[in-house]
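Please read them with the coordinates open.

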Amino acid sequence: MTEGDRAAAGRTLFTLLRAQAERFANRPAVVAGGRSTTYRELLAAATRVAGGLAVRGIGRGSRVGVLTENRREWLEAVFGAAALGAVAVPLSTWSREGELDWLIGDAQLDAVIAVAAFAGQNFAAPLTHLQPRHPRLKTVVIISEPSAPRCLSYADFIAAAAPHERDEARPDDDALILYTSGSSARPKAVRLRHGATVANGFAIGERMALTEADRVLLAPPLFWAYGAVNALPATLAHGAALVLQPRFEAGGWLDLIEAERCTAVYTLPSMTGAAIRHPGFRRARTASLRTGLMIGSAEEVRIAAEELAVPQICNVYGATETYGNCAVTPCGWPLPRRMQSQGPPLPGMAIRIVDPDSGRTLPAGEVGAVEVGGLVTPGYCGASAEHNAAAFTADGCFRTGDIAALDPSGDFRFVARGSDIIKRAGINVSPAEVESLLLRHPAVAQAAVV
């Protein structure tokens, strides 16, 4: 275990922030909305949020919903809840009133901190309307002036109480509940613990070779695992700066890379393609980029590395249930190796490939069903707890539903979602492999195979 591994082990989100505020006090922690916030300032704001929650009865085990786009207050709310041992529940800004109604009840929220409106959608009005229907929801804080009826304004909320500077959480406490869509009609509520969030985030950052000098751009939402338990802890565990775009827009994304001299980026195939096709794209504008994370086929990884010009982009595999990633390619590997696999498992992760019918562990090189052990969720909660028996093995491994192989060197190679495999003349065909082949044609910008 390295010195960094030891430093990350046993931490909570709040103790991580406090340690980094001591070490990197005046370095930028987050850049959002044209404003740079230092580690010291972020810690101070989080303690004020914790104080505001504490005087309203929020404490260990309480549930605090966070409904905002990518902005500084999202971090303040999550770290503030963490200080009290409360569980932060990030909510999607795509949620309509009916969805919010269900989420508030399923998560058993005691408080919600929300932006008044975003992307043409109002949240203050539906939250005001829904609050009487949920007796447990005593506190609704709106990031706006003036406050909505029966709600507190964020400014008044953080000014009304003394800062709370103690850490009430333990590493094995739940830090977050993330709602993730997938195989069920309703999104599943995934429990994620403090210690595993910090340790796995640190390991992800190590695969990118992040340092305090890096500036990491995140446009995918913080309420996704890609943001909350990946980009956030990976960046802050290395003392780097997290640069936030409220939501992805290719022109603004390129502007941020250039203006903030971003060195790392979290991207997706659709984002990479939109940026490259944007009329304002020039390779000189992305010249500061060195590394980052990429989810996609081999050809999509090549496009990010060579055309978007992120030479040390990492290929990744994971799920919300595995703290965002469980396998990441080291950024220094040759590009062909990063294209063809998602790398070895992260420290603390154990990946096995099994026969989907018998459950027998398969030898290296054979394709089968993926099960992940180690730093995985302790289980679903709320209504989705009914899926626990099917989702986890008797020894606690998570059944991902994916098909993959581990090669003789231990590298993980994703093949397809189990339900996506195309069977043709006795041969299993992976849609991702067909897509990757199509993308090699110069006239093809995007490909989707079903």
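1. Which residue is the bridge partner of Ala-405 in β22? The partner is Arg-413, and the two strands concerned, β21 and β22, run antiparallel and are joined by 5 bridges. Two strands are taken to pair if DSSP finds at least two bridges between them, while strands (E, at least two residues) and helices (H or I, at least four) are DSSP runs numbered from the N terminus. In the hairpin that β21 and β22 form, with 5 residues between the strands, Gly-410 takes a positive phi near 95°.

2. Before going further, please note that this is a predicted model, in which local features need pLDDT of at least 70 and side-chain atom pairs count only at pLDDT 80 or more, whereas totals for chains, interfaces and linings use all residues. Residues are numbered from 1 along each chain as its sequence is written, and side-chain values use heavy atoms, with hydrogens and water left out.

3. Strand β19 (residues 368-374) is joined to β21 (residues 398-406) by 4 bridges, and Gly-368 has Ala-404 as its bridge partner in β21.

4. A further set of pairings involves β11 (residues 188-193), which pairs in the antiparallel sense with β10 (residues 174-180) over 6 bridges; here Leu-178 stands opposite Val-190. Strand β11 also pairs in the antiparallel sense with β20 (residues 380-381), over 2 bridges, and in that pairing Ala-189 stands opposite Cys-381.

5. Turning to the helices, α2 (residues 13-23) and α3 (residues 39-54) pack at an angle of about 140° with their axes 8 Å apart, where axes are lines fitted to C-alpha atoms, for helices over the stretch in contact, and angles run from 0 to 180 degrees between N-to-C directions. The two helices are therefore oblique to each other (under 35 degrees counts as roughly parallel, over 145 as roughly antiparallel, 65 to 115 as roughly perpendicular and the rest as oblique). The contact (heavy atoms within 4.5 Å) includes Phe-14 and Leu-17 of α2 and Leu-43 and Ala-46 of α3. The residues of this contact divide into 7 nonpolar, 2 polar and 2 charged, with Ala, Val, Leu, Ile, Met, Phe, Trp, Tyr, Cys and Pro counted as nonpolar, Asp, Glu, Lys and Arg as charged, and the others, Gly among them, as polar.

6. Helix α4 packs against α9 (residues 225-236) at an angle of about 90°, with their axes 13 Å apart, which makes α4 roughly perpendicular to α9. Trp-74, Leu-75 and Phe-79 of α4 meet Ala-228, Leu-232 and Leu-236 of α9, and by class this contact has 6 nonpolar, no polar and no charged residues.

7. Leaving aside residues up to four places away in sequence, Arg-72 touches Val-30, Ala-32, Arg-35, Thr-37 and Leu-244. Arg-72 and Leu-42 are 30 residues apart in sequence, yet 8.4 Å apart in space, C-alpha to C-alpha.
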